[in-house]
Structure formats: C-alpha cells, structure tokens
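This report describes the architecture of one protein chain.

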Amino acid sequence: MDLSEVEMMTRKIDEYVDQVYRHAKGNDQEIQELKLEMKNHLLETVQELQVEGKTEEQAVQIAKERFGEVTELRNLVNQLFERQKNFGKRILSIGIGLLLVTVIAAVFIIINGNNQTSEQADIAYSISAIAGDSATLAEVDEQEIKTLLDQANYIKKARIYPETSSAEPFYTSTRETSFPTSLFSTEYSYGTDENFVVLEITDTRIIGLLLLAIGLTGFIILFSIWFTINRYHAKRKVER
C-alpha cells in the first residue's frame, strides 16, 4: 500500500469517526481521546482484513460495519456523555435526599423520645407512690404496677429499692424482648423519701442520633464523590 492509499484509507476512517462524534456534548479532550481510540481500532481491523486478502475498500467497509451504523453509534455516544454529565448531579441529589430524610426522621424520633422521658417519670413516681414505705408489695400493688408498666412497652425493666444505698431491690419486673436492648438501653433513677425506682428503657433518642449519624456519614461520602468528580472535570478544563 503506497502513501496515497494510506492517506485515503485514513481519511475515510476519520470521516466515519467524525460522523459518530459529530453531535457529542462532552469534554472536548475526552471526545478527542475516544475518537483516537476508535480510529486506532478501525485501522487495526482494516489492516487485519487486508492481510486476509480484502481490498482496501472492502476492509474499510467491513471494519465500519463491525462497529455499527453511524446513527446507532452516535446515539450511544450521546447517551454515554449524558449519563456522565448527570452522574455527579444524581450522586449529590441522593446525598441531599438521604440527609434530609434522616434529619427529619431523627428529629421526630428525638422529640418522641423526649416526650417518652416525661411519661416514664410519671410512671416511675406512680410506682413509687404505690410501693410506699413498705419493704414488700401486696399482690394488688404488684398488679397495679404491672398495669402501669404494660402501658409503656419501651420500659424493659423496673426495680424498686427501699433506699438508694440498698443493693437488692424488693421488686423487679422484666419484659422479655428480642430487640437488642443493650445497644439502645438507658437507666433512669427516680427517688422519693419512701423508696427508689430504677427504670431500664429503650431510649429511642439513641436510635435517632444513630440515624442522624448514618445520614451525615452517607451525605459526606456522596458529597466527596460529587466534589471529586467536579474537581476532575475542572482540572481537565484547565489543562486543555
């Protein structure tokens, strides 16, 4: 193949590649790199076909057919750049959405937890009043305390001590649960002149704070990915 034939073949390949990328909307340097890569693949294919005995015109035509129709390839290229353009935006949108959802849920859960704290204090002082200053409980008092505890399923355990220095409670009530109470449990103590009540509860405020931490962590990770992508494209523009 003489020089003019090589130039002719290269021009045909260039025209084909230019047609594919004619309306591509993306980073110019990336487009040029992709065009060069595609051109090199086409030239290699043409050379292989010519070695197999195909004429230049046949080899170019077959190589182009193997890559596909110009319209189809152009659509694929445009989709590729469109997806690339929107990827960073989607990442940031997901991060903001995640943060908003978790913040709203966490605030709701924490407010509910604060209301729960007030309610459990009322229950604790009611239990204390029922127990009075005796060191034992009558059956009717135990039933009354049980009724109070049944109204608040977040109370996992209740103990009554005759005084703060007592090592052993004279009454204990434990609720069986499959929930991992050790992770979210908190003990609250309520004392009066007559006795000392300790309630072990599932503290939903811990769940709210954990949810908030998950949301913030997720947002920071996704924001970092978005920031890195933007920095990469900004750097490429400066280098052009």
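## The sheet

Two strands are taken to pair if DSSP finds at least two bridges between them. In this predicted model, strand 1 and strand 2 meet that criterion, pairing in the antiparallel sense over four bridges. Within this pair, isoleucine 160 has tyrosine 171 of strand 2 as its bridge partner. Strand 1 also pairs with strand 4, again in the antiparallel sense, over six bridges; here arginine 159 has valine 198 in strand 4 as its bridge partner. Strand 3 and strand 4 are joined over seven bridges, also antiparallel, and serine 189 stands opposite valine 198 of strand 4.

Together, four strands form an open sheet in the order 2-1-4-3, with antiparallel pairing. Strand 2 (171–174) and strand 3 are the edge strands, each pairing on one side only. On average, neighbouring strands of the sheet are turned by 10° against each other, direction ignored. Helix 5 packs on the sheet, where it touches strand 1 and strand 2; the direction of helix 5 makes about 35° with that of strand 2. Six of the seven residues of strand 1 are buried, so this strand is largely enclosed by the rest of the structure.

## The nonpolar cores

In soluble globular proteins, nonpolar side chains tend to be buried together. The largest nonpolar core of this model comprises 21 residues. Those with the most contacts inside this core are Ile123, Ile127, Ile145, Leu149, Ile155, Ile160 and Leu199. At least two residues of the core are supplied by each of helix 4 (70–131), helix 5 (139–150), strand 1 (155–161), strand 3 (185–191) and strand 4 (196–202). Helix 4 provides the largest share, six residues.

Isoleucine 127 illustrates the contacts made here: leaving aside neighbours within four places in sequence, it is in contact with Ile145, Leu148, Leu149, Ile160, Val197 and Leu199. Apart from this core lies another, of 20 residues, which includes Tyr16, Leu43, Leu49 and Val70.

## Helix 3

Helix 3 spans residues 56–67 and has 12 residues. From its first C-alpha to its last it reaches 17 Å, close to the 16 Å expected at 1.5 Å a residue. Glu56, Ala59, Val60 and Ala63 are buried in this helix. Seen down the axis of helix 3, the buried residues fall within an arc of 95°, so they line one face of the helix.

On the other side of helix 3, Glu57 and Glu65 are exposed. Just after the helix, glycine 68 takes a positive phi of about 120°.

## Threonine 204 in helix 7

Threonine 204 has its place in helix 7 (residues 204–239). Is this residue, threonine 204, buried or exposed? Its relative accessible area is 17%, and the buried class lies under 20%; threonine 204 is therefore buried.

Not counting residues up to four places away in sequence, threonine 204 touches Ile109, Asn112, Gly113 and Gln116.

Terms used:
Residues are numbered from 1 along each chain as its sequence is written. This is a predicted model: local features need pLDDT of at least 70, side-chain atom pairs count only at pLDDT 80 or more; totals for chains, interfaces and linings use all residues. Side-chain values use heavy atoms; hydrogens and water are left out. The expected span of a helix is 1.5 Å times one less than its number of residues. Buried means under 20% relative accessible area, exposed over 50%, partly exposed in between (1.4 Å probe, protein chains only). The arc is that of the directions from the helix axis to the C-beta atoms. A nonpolar core is a set of buried Ala, Val, Leu, Ile, Met, Phe, Trp, Tyr and Cys residues joined through side-chain atoms within 4.5 Å. Contact means heavy atoms within 4.5 Å. Axes are lines fitted to C-alpha atoms, for helices over the stretch in contact, and angles run from 0 to 180 degrees between N-to-C directions.
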